[in-house]
Amino acid sequence: MKSPVVPALLVLCGTAFTAPPLEPPKLRLDGSARPLRYVVDLIIVPDRDTFQGTVDIDVDVRTPSTIIWLNAIGLAVTEASFHPESGPALPAKTVPGGDQFTGFSFDRDVSGKGTLHVAYQGKISRNSSAGIFQLKEDRDWYVYSQFEPTDARRAFPCFDEPGFKVPWQITLHVPRDDMALSNTPVQSQSKEPNGMKAVRFKTSPPLPSYLVALAVGRFDAVDAGHVGATPVRVIVPHGKGAQAAYARTAIPQLLKLLEDYFGTPFPYEKLDSVVMPVSDFAMENAGLITYAESSLLADPARETIEHKRELAGICAHEMSHQWFGDLVTTAWWSDTWLNEGFATWMERKIPGEWQPEWHLDVAKVNARHGAMRQDELASARAILQPIVSNDDIANAFDGITYEKGAAVIEMFERWIGPEKFRTGVQLYLKQHAWGNATAHDFESAMSSVAGQDIAPMFSTFLDQPGVPEISVALKCGAKPVLTLAQKRSLPIGSRAKPQTWQIPVCVAYEAGGAVHHQCTVLADTQADMELAEAQTCPSWFLPDDGEAGYYQVAYDGALLKIVLDDRGAHLSVAERVGVLGDVDLLLGAGEIQAGVALALVPQFSKDPAPQLVQAAANIARLLKSESVSADLRRKGAQFIRREFGERAMALGWLPKPGDSDDTRLLRQKLVPFVASVGEQKDLIQEAQALAHDWLNKRQTVPPEMLGPLLQVAAEFGDRDLFNLLRTAAIQARDHNLREELLDALGSFRNAGLVAASLDLLLSKDFDSRESFYPLLFGPLGHAETRDVPFEFVKQHLNPLLQRIPREAGEDYAAALPTVGGGFCDARRRDELESFFGDRVKDYTGGQRALAQTLEGIDLCIAARKTLTPELTEFLNGVTEPRP
Ligand SMILES: [Zn+2]
């Protein structure tokens, strides 16, 4: 938190000094006035597009001034006044303060404690999910709020920064048949005229504005019992209670596990989990978590293991924020990574302990590799970055924050040890409960339990972007020694600068019949690590024990032989997936011969573990990439059919009695892969027949196969299928189903049908929040349709911009430059840059998206130069699969 700005002159001469009328703040409030408590009163009718409100803010004006600046967007103030603790009230005039602030000015100085009263009107948005907004489910409108990071200011004038953490007392006036919810339990309810009622909520514990929340509508409440003293409920749109069956059993169990981990009870008086009819969304509002319907609800007959796993992950993430983020709030958005990285780490840790058969350790390794792909770019940002604009606040919620943050936390947990690490988390929460803290405070707590200062190591991962790459050489003399050397991992053609880290490296090895684990810090470019427990050459070793390090290992043929001895039988599935993931990244860096990497595919394509088959398939995907000349891609498909086809055919699209969970999981991934990427004709035809049967007769398809099946059918489908999918999507009442149908509509490869699906972006048939991503970016998945979305955006930019959400915290326009994400040539790169170069300045977060897309194209061009000859040689050796 920033301290109040006190002019030096004032301190020196000590005289009363009235600041002249001030300019509005630039980004942050100056702290000269601070909130102590809010009383908020709102009239909300879900089908209206405006609301009325009053807010009474107890403030402490520390520097006498004729003006108090607050954050406010789009609020029409009708009346405002300041009520000092003693003396008469002062009327206030509003002063425009740009697009983020409103000033309240008085004809004389105000100072000390008092109450600022403001009456106003605001908007209930129908096309964005920022501030207070409405969504329709069936025939009913529901109102929700989403304030993080900077949209509470759309609901009430306020001190909209995370450092201002104070109690809130909220009253909502709503139609009598509606349910009203906020962060705390209802304190009282009373009837009002015109079919309305007033619902007054208990005063909250200290909360920053971004965690305040409300929801209004014809909800049903599903009781999920109590955890300790905390009542737990799932709040669903009317009539959807049966779909909360899994949520109501999972949430209390996960909550209990979180209480155990944090060593302290749930911090708030109740926990409601509220469903919104949107996709991919969740927010950790204290005591009133909001979730996308697709995450939280499922028809029990259509519930899949994947959905259960996703639900548990998202719930664990949001619930862990209740401690880590809500009870202790980071002081400013520069530390968003700590909040989000930690919660992302917990979303696999806690459900992984709860249901070990879900293999969330594998998911963690895959997510780390995903983060590394982003982080290798020269345009990647450091986790820790100064925030100088609202753009930076929005940018702080990206993959680097979530997944690199989680991976770095994972690495330090391994280094410190899980038990000590947990003690450190508990210490941090205890020291800062109900207040604010920084990443520095977190490091201090961890250093004190670790018995050494971890900050210097930590900061090399926080303050600079990039992925360390460690090469390893084994020398077997009297004492076996590993020689470790580090450099920055860079994709082929990268212009990013080299750098080094202080890397906590842990290795596992087998010697004398036992497995040993050993750690060191690689602080220099090169260091020797003597294997303390080995008297002779180890029979195998793994340079990243548990695959928990945020570094990649520079595997070559010789090292792979040692690590993957006997196909890595001594390693866990997650560890083997980690090694194959590193190999995949090294391919992109040009550091491993394509032939060496592809030789691993036959070793793992038939493995019993579906996760390893997937990892092998990821490597094989290279054979259909831009680095393969168009005439040879047919051979790439052949190779995929040869390696994976037999198994995919045996699995088929439909389950067989007695299939294990692993078999179902493998079918869901492998069959569409062989059909789509391997272009296996029988599987394609079967998909089309099944899709038509489902669309025409609703013939049963297992829920986890419906989405992949419809997508493959669409890829090779015709106008008739397009029309059937479109009609089904318009008619779909179920949000999850609509999502699957939209994904299919975005999967066509036929040029005319791609154009038709893009046109749907401008039609009123779908909410753009649902259709934007699947329809606009779906065509990037195929070489033949990659150019089409950019052409569409060029021709229809203005109508498109009018239809998509444009609020700062949720500016869909920022994603527009990524329509060029599939390009791999200089001409279209330049076109993309000249079209978006100036325009992205108006899209919050758009400049970074454009820079990353352009860099991605440059790298693709460079990779093609290096890889094409190697892949040509490999593919020319591929023979036809057996009939
Ligand atoms: Zn989060």
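Predicted model: local features only at pLDDT ≥ 70, side-chain atom pairs only at ≥ 80, totals over all residues.

Visitor: Fine. How many disulfides does that rule give?

Guide: The count is 3 disulfides. If you number the bonded cysteines of the protein chain in sequence order, they pair as 1-4, 2-3, 5-6.

Visitor: Let's start with C506 and C519. How far apart are their sulfur atoms?

Guide: The sulfur atoms of C506 and C519 are 2.0 Å apart. The torsion about their S-S bond is 105 degrees, a right-handed link.

Visitor: And which parts does that pair tie together?

Guide: C506 belongs to strand β23 (residues 503–511) and C519 to strand β24 (residues 514–522), so the bond connects parts 13 residues apart in sequence.

Visitor: Is C506 buried or exposed?

Guide: C506 is buried, at 1% relative accessibility.

Visitor: OK, next one. Where do C476 and C537 lie?

Guide: First the bond: C476 and C537 form a disulfide with 1.9 Å between the sulfur atoms. C476 is in strand β21 (residues 468–476), while C537 is in the loop between β25 (526–530) and β26 (540–542), so this pair ties together parts that are 61 residues apart in sequence.

Visitor: Why is the disulfide of C476 and C537 called right-handed?

Guide: Because the torsion about the S-S bond of C476 and C537 is about 60 degrees, the disulfide is right-handed. As for accessibility, C476 counts as partly exposed at 38%, and C537 counts as partly exposed at 40%.

Visitor: What about C824 and C860, right-handed or left-handed?

Guide: Left-handed, because the torsion about the S-S bond of C824 and C860 is about -105 degrees. Here C824 sits in the loop between β29 (810–811) and α26 (826–836) and C860 in helix α27 (residues 846–876), so the link spans parts 36 residues apart in sequence. The sulfur atoms of C824 and C860 are 2.1 Å apart, and C824 is buried at 2% relative accessibility.

Visitor: Switching to the metal. Which protein donors does the zinc ion have?

Guide: They're H317 (NE2), H321 (NE2) and E340 (OE), at 1.9 to 2.1 Å from the zinc ion. Along the sequence, the donor residues are spaced H-x3-H-x18-E.

Visitor: How are H317 and H321 placed in helix α4?

Guide: H317 and H321 are 4 residues apart in α4 (residues 305–321), so about one helical turn separates them. Both H317 and H321 are buried.

Visitor: Now helix packing. At what angle do α13 and α16 pack?

Guide: Helix α13 (residues 573–589) and helix α16 (residues 610–620) pack at about 5 degrees, with 9 Å between their axes. That makes the two helices α13 and α16 roughly parallel, since angles under 35 degrees count that way.

Visitor: Which residues meet there, from α13 and α16?

Guide: On the α13 side you have V573, R576, V577, L580, V583, D584 and L587, and they meet Q611, L612, A615, A616, N618 and I619 of α16. By class, the contact of α13 with α16 has 9 nonpolar, 2 polar and 2 charged residues.

Visitor: Another helix, then. How many residues of α22 are buried?

Guide: In helix α22 (residues 735–745), 9 of the 11 residues are buried, so the helix is largely enclosed by the rest of the structure. The buried ones are H735, N736, L737, R738, E740, L741, L742, A744 and L745.

Visitor: And what covers the buried residues of α22?

Guide: The cover includes α3 (293–296), α19 (681–697), α20 (703–715), α21 (719–731), α23 (751–759) and α24 (768–777).

Visitor: Last one: where is S444 found?

Guide: S444 is in helix α10 (residues 439–450). At 35% relative accessibility, S444 counts as partly exposed. The C-alpha atoms of S444 and A455 are 7.8 Å apart, with the two residues 11 apart along the chain.

Terms used:
Residues numbered from 1 in each chain as written. Heavy atoms only, no water. Disulfide = S-S within 2.5 Å. Buried < 20%, exposed > 50% of the residue type's maximum accessible area, 1.4 Å probe, protein only. Donors = N, O, S within 2.8 Å, 3.2 Å for Na, K, Ca; no water. Axes fitted to C-alpha atoms, helices over the stretch in contact; angles between N-to-C directions. Parallel < 35°, antiparallel > 145°, perpendicular 65-115°, else oblique. Contact = heavy atoms within 4.5 Å. Nonpolar A, V, L, I, M, F, W, Y, C, P; charged D, E, K, R; others polar.
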